[in-house]
Amino acid sequence: RNSFHVLKSFSTEKNNMLRKRINVRGGDAGDATSGNAPAATVVAPKAATAEVKAAEPAKSSKFRDAVFPIYGDEVKKFLLMGAIKFFVIMALTLTRDLKDTLVVTQCGAEAIAFLKIYGVLPAATSFIALYSKMSSVMEKRQLFYTTCIPFFVFFLAYDLIIYPNKDIIQPTLETATALLGGTKSGALEIVAKIFSNWTSALYFVIAELYSSVSVGILFWQFANDVVPIDEAKRFYPLFSQMGGLAPIVAGQYVAKFASQASDFGASLHRLTYAVTFAGIMICVFYSLSSSLVEKDDSSTRKSGGAAKPKKKKGKMSMKESVRFLTQSQYLRLISMLVLGYGLSINFTEIMWKSLLKKKYPDPLDYQRFIGNFSSAVGVATCVVILFGVHVIRVLGWRVGAMATPAIMALISIPFFICIFMGVDNPARLTLAVALGTAQSLLSKTAKYALFDPTTQMAYIPLDEESKVKGKAAIDVLGSRMGKSGGSMIQQ
């Protein structure tokens with residue numbers, strides 16, 4: 001009920017933001033979120049709209065409108081940006097599957113709760129502070145590359161340097177247990193396992209941070225900058241479909257190739273090759289997309305449709321950014337949506353992964369299952385988007401946003417009932433794993449197909465400062481706080 005109340009309040013606030021945003025045609029206007037900062041200048045894209053309409057066929061087929069409602073010069077722009085989304089999700093899927101395999105099989109699924117609170121949350125907080133500072137002194141391209149490249153450098157260094165020397169730089173479990181007082185049960189036992197496998201824990205933290213940064217900041221922030229409101233309803237659902245193809249490819253790469261290696265070290269090499277390739281492709285397609293957008297902007301200026309230059313605003317510090325976030329009801333409601341999803345998904349995900357370890361104790365078997373699961377998520381996401389692409393356009397933003405929490409609530413009931421009945425025998429364990437797999441599959445599918453596009457659409461009416469710093473705080477810190485809160489409740 002609380003989720004639906006938040007969505008209702010947020011939908012009303014979003015509509016008010018859109019009306020205020022569209023009415024602005026030039027000069028300074030009061031910020032729709034705080035009432036203090038000047039709003040970004042918005043120019044009605046009359047020339048661009050005329051060009052798009054001229055490029056559309058006179059009598060476009062209903063099938064084309066339903067499946068791919070993008071025309072003319074929009075196609076190249078969409079494909080380049082869709083390629084960024086594809087490779088971002090591909091790298092995310094590969095590193096997510098690997099981090100889960102490392103931590104769950106070495107430390108146990110219970111270690112995930114500790115790492116999300118005491119590792120991921122501090123790392124996310126530090127990243128937001130650093131990103132806020134970088135966004136104040138760097139241009140957009142420089143900021144993108146500076147944010148993106150270090151992640152892939154770490155993933156490569158882990159494979160080539162850290163993992164081969166892990167036995168040298170990591171203490172044994174006996175040493176870690178002795179340092180913590182010799183306790184072999186309870187929370188200290190989990191901490192000892194994390195300490196004795198700290199390189200895997202470090203990979204988990206970095207991969208979790210990448211999962212928050214990659215989609216929310218590397219892709220969606222760029223998309224929100226260059227995709228106007230009139231294109232967003234057509235582009236964004238299809239971006240999700242492009243992203244849905246990536247888990248299919250990545251999952252089958254893991255299941256059919258990486259997990260078939262002779263040992264886990266060789267499997268890690270194969271995964272790192274693919275992750276590194278994805279990172280290179282992200283940078284290449286971002287460069288091509290940025291050049292195309294700059295070229296289109298230049299053509300618009302030459303044709304006489306130039307917008308008034310935006311007035312530069314004073315850059316906010318990290319403290320001022322957080323204060324701005326807390327003062328804006330619009331941003332607070334977005335943050336509650338993101339935090340609520342992170343909190344909810346964490347309640348079921350850790351339990352499900354703990355059951356998976358019992359059923360698949362061998363790392364390569366676990367990796368193979370997770371790879372096939374990722375492919376299933378990708379297939380389901382594509383199917384849902386294919387048949388439900390018009391949910392947002394026809395039924396509206398509110399229905400699209402409310403679908404994900406409703407689905408998560410309904411399908412979690414049989415999973416928890418099965419756990420309460422006990423999973424001591426193999427038959428019940430298999431049933432619990434199947435129900436948990438279905439629950440996680442449908443939850444992630446709804447998130448990728450409906451929750452992500454609707455959430456990201458909500459940022460479009462915001463001004464430049466709100467998009468960059470408010471969005472970064474919500475996507476990274478809000479998501480981490482939600483998942484860390486779920487982990488803390490389960491401890």
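Me: At what angle do helix 5 and helix 10 pack, and how far apart are their axes?
Reply: In this predicted model, helix 5 (residues 110-137) and helix 10 pack at about 45°, with axes 9 Å apart.

Me: What makes helix 5 oblique to helix 10?
Reply: Angles under 35 degrees count as roughly parallel and 65 to 115 as roughly perpendicular. The angle here is about 45°, so helix 5 is oblique to helix 10. Their crossing is right-handed.

Me: Why is Trp198 called partly exposed?
Reply: Buried means under 20% relative accessible area and exposed means over 50%. Trp198 has 32% relative accessibility, so the residue counts as partly exposed. Trp198 lies in helix 10 and belongs to a nonpolar surface patch of about 580 Å², whose members also include Phe195 and Leu202.

Me: What makes the contact between Lys99 and Glu208 a salt bridge?
Reply: The cut-off is a side-chain nitrogen within 4 Å of a carboxyl oxygen. The closest N and O atoms of Lys99 and Glu208 are 2.9 Å apart, and the pair forms a salt bridge. Lys99 lies in helix 4 (residues 74-107) and Glu208 in helix 10, so the bridge ties together parts 109 residues apart in sequence. Both Lys99 and Glu208 are buried.

Me: Why does the pair Arg141 and Glu294 tie together parts that are 153 residues apart in sequence?
Reply: Their side chains meet in a salt bridge at 3.7 Å, N to O. Arg141 lies in helix 6 (residues 140-162) and Glu294 in helix 12 (residues 264-302), so the pair links those separate parts. Arg141, at 27% relative accessibility, counts as partly exposed, and Glu294, at 45%, also counts as partly exposed.

Notes: Residues are numbered from 1 along each chain as its sequence is written. This is a predicted model: local features need pLDDT of at least 70, side-chain atom pairs count only at pLDDT 80 or more; totals for chains, interfaces and linings use all residues. Side-chain values use heavy atoms; hydrogens and water are left out. Patches are made of residues with over 30% relative accessible area and no salt bridge: like charges are joined within 9 Å, nonpolar side chains (Val, Leu, Ile, Met, Phe, Trp, Tyr) within 5 Å. Accessible areas come from the Shrake-Rupley method with a 1.4 Å probe; for residues, only the protein chains shown count as cover. Helices (H or I, at least four residues) and strands (E, at least two) are DSSP runs, numbered from the N terminus. Buried means under 20% relative accessible area, exposed over 50%, partly exposed in between (1.4 Å probe, protein chains only). Axes are lines fitted to C-alpha atoms, for helices over the stretch in contact, and angles run from 0 to 180 degrees between N-to-C directions. Angles under 35 degrees count as roughly parallel, over 145 as roughly antiparallel, 65 to 115 as roughly perpendicular and the rest as oblique. A crossing is left-handed if the near helix is turned anticlockwise from the far one by less than a right angle, and right-handed if clockwise.
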